[in-house]
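Visitor: Please take me through this model step by step, and set each term against its cut-off when it comes up.

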Amino acid sequence: MSKSLQDVLNEAGNPVNLLRNSKIGAYVYPVVAPEFHNWRTEQAAWRESAVLFDQSHHMVDLYIKGPDAIKLLSDTAINSFANFPVNRAKQYVPVSHSGHVIGDGILFHLAENELVYVGRAPSANWIKFNAETGGYNVEIIEDDRSPSRPGGKPVKRISYRYQIQGPNAWAIIEKLHGGPLEQLKFFHMGEMNIDGTRVRTLRHGMAGAPGLEIWGPYEDGDRIKDAILKAGEEFGIVPVGSRAYPSNTLESGWIPSPLPAVYTDPRMESYRKWLPANSYEAVGAIGGSFVSDNIEDYYVTPYEIGYGPFIKFDHDFIGRDALEKIQNEKHRRKVTLAWNSEDVVKMYATMFEKGQHAKYMDFPLSNYANSNYDAVLGGDKVIGLSMFTGYSYNERSVLSLATVDADVEIGTEVVVVWGEEPRTAKTTVEPYSTEFKVRARVSPVPYAEVARSQYVEGSWRNK
């Protein structure tokens, strides 16, 4: 019988020790070239002209079909499904029985009783488990993310998935389509023409301006991509590589990878026994200066990372009772931290000195684990957690997305403790690195003014 996550946890003794010493290495955005121009130009293009994001490889796609498809998703999500017709999309947020976030992703309602979930593995695993064990009349086809290191072997998915974003995006879209195209409401789906092919679309706006996500059969992907880039030449379109792509969330404000809250609750033991020993949950890494022996100190609620507005008590769902009990309490809230540039320069200077130095900070994305937890200090007290860090060329600033105590006001100066002490066995932490304290200013989320002002009403970004 193959080993499970529960077996791994039993052997490790403490989940924190297991995950802080994981040797999985850096989280990889696979297949797509690191850079097509350079990551600075690519970041600037989503503000100044237009970009093509290739999202075909780094996410799990679950194709969910059957009369109980909506019920399965409603039973496992904090979101309401009371108004979710065909040709709509929504962010899907599942929580544990204790009300802590497992993950999130996007649901596309493709046809009656037919949807696709697109996102990271933790939510996909939770959907599959409940589908298999909950008696739901559904069929699921899993198209796993492309291998992080394909080793020269061919890579094939069911669907390609691209986004055309930036201030010039709509001009490119209408040129491709051959004429005017209705700007549907945010997260509404439609169709358009590209190179003689009808493709499905999702109205999006990741870069703060009207854009589209498009998808279709994987074998059409190269031809569709070439057509987009050719049509976009006169509008300054720039293809974005895998280095710059994940850093766009620093400006738009989404925290991609909180630790899935699955390691302790007795009510989830059957799930831990279902998850294999090589699952994301078993081999993922926790990184950062915040250290606790209690794995539950790394869990977050939907309120803490900006998903409070999604919670609707109009349906029964796993974790509802726990969230109802805390809904009127004070919660940590999501903010952007703008790091003090002088302190960042001093931190980098330590790399040119013999002996110990600050943990190396890579640009534009600085995370070195699947789930990142750097302590945020107000005086000597931990008042929050910095969870996603990198550099914005558009803002000329290191930024991080964090959750901080409710009484921490915008404009407050705090201290982020970057790095790890004592050091762990992670391969992404160099042997002579140590912690370094950096001042940071508590700022709005999204940090980019254009994203705050132009995202449609009803998005979590302007709550």
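Guide: Helix α1 is followed by G13, whose phi is positive, near 85 degrees. This is a predicted model, in which local features need pLDDT of at least 70 and side-chain atom pairs count only at pLDDT 80 or more, while totals for chains, interfaces and linings use all residues. Residues are numbered from 1 along each chain as its sequence is written, and side-chain values use heavy atoms, with hydrogens and water left out.

Visitor: Which residues of helix α1 are buried, and what puts them on the same side of α1?

Guide: In α1, which covers residues 5-12, the buried residues are L5, Q6, V8 and L9; helices here are DSSP runs of H or I with at least four residues, strands are runs of E with at least two, and both are numbered from the N terminus. Buried means under 20% relative accessible area, exposed means over 50%, and partly exposed lies in between (1.4 Å probe, protein chains only). The four cover an arc of only 160 degrees around the axis, and therefore they lie on the same side of α1; the arc is that of the directions from the helix axis to the C-beta atoms. N10 and E11, on the other side of α1, are exposed.

Visitor: What do the buried residues of α1 pack against, and what caps the N-terminal end of α1?

Guide: They pack against α2 (15-20), α9 (269-274) and α10 (280-283), where contact means heavy atoms within 4.5 Å. The cap is S4, with a side-chain oxygen 3.2 Å from the backbone nitrogen of Q6. A polar contact is a pair of N or O atoms within 3.5 Å; within protein, one must be able to donate a hydrogen and the other to accept it, and residues adjacent in sequence count only if both atoms are side-chain atoms.

Visitor: Which residues of α12 are buried, and how do you know that they share the same side of α12?

Guide: D343, V344 and M347 are the buried residues of α12. Their arc around the axis is only 100 degrees, so they are on the same side of α12, while the face turned away from that buried side carries the exposed residues E342, V345 and K346. The cover over the buried residues of α12 includes β13 (333-339), β14, β18 (397-404), β19 (413-418) and β21 (436-443). At the start of α12, a side-chain oxygen of N340 comes to within 3.0 Å of the backbone nitrogen of E342.

Visitor: Why does H177 count as buried, and why is F352 called exposed?

Guide: H177 has 19% relative accessibility and therefore counts as buried; this residue lies in helix α6 (residues 169-177) and, not counting residues up to four places away in sequence, touches M192, N193 and R198. F352, in the loop between α12 (341-349) and β14 (357-358), has a relative accessible area of 75% and is therefore exposed.

Visitor: What makes the pair R320 and E324 a salt bridge, and how does each residue count by accessibility?

Guide: The closest N and O atoms of R320 and E324 are 3.4 Å apart, and a salt bridge is a side-chain nitrogen of Lys or Arg within 4 Å of a carboxyl oxygen of Asp or Glu, so the pair qualifies. Both residues lie in helix α11 (residues 320-326), 4 residues apart, about one turn of the helix. With a relative accessible area of 18%, R320 is buried, whereas E324, at 29%, counts as partly exposed.

Visitor: How many salt bridges does the structure hold, and which pair links distant parts of the chain?

Guide: The structure holds 27 salt bridges. In one of them the side chains of E213 and R161 meet at 3.2 Å, N to O; this pair links distant parts of the chain, with E213 in strand β10 (residues 211-217) and R161 in strand β7, 52 residues apart. Both E213 and R161 are buried.

Visitor: How do you know that K426 and E420 are buried?

Guide: K426 has a relative accessible area of 3% and is therefore buried, and E420, at 1%, counts as buried as well. Their salt bridge has its closest N and O atoms 2.7 Å apart. Elsewhere, salt bridges that share partners join D61, D143, R157, R161 and E213 into one network.

Visitor: Where is R145 found, and what does R145 touch?

Guide: R145 is in the loop between β6 (139-143) and β7 (159-165), and, not counting residues up to four places away in sequence, touches Y27, V28, Y29, P30, H57, H58, M59, V60 and R157. The C-alpha atoms of R145 and V60 are separated by 4.7 Å, although the two residues are 85 apart along the chain. A polar atom of the R145 side chain lies 2.6 Å from the backbone oxygen of V28, and a polar contact of 3.1 Å joins the side chains of R145 and S148.
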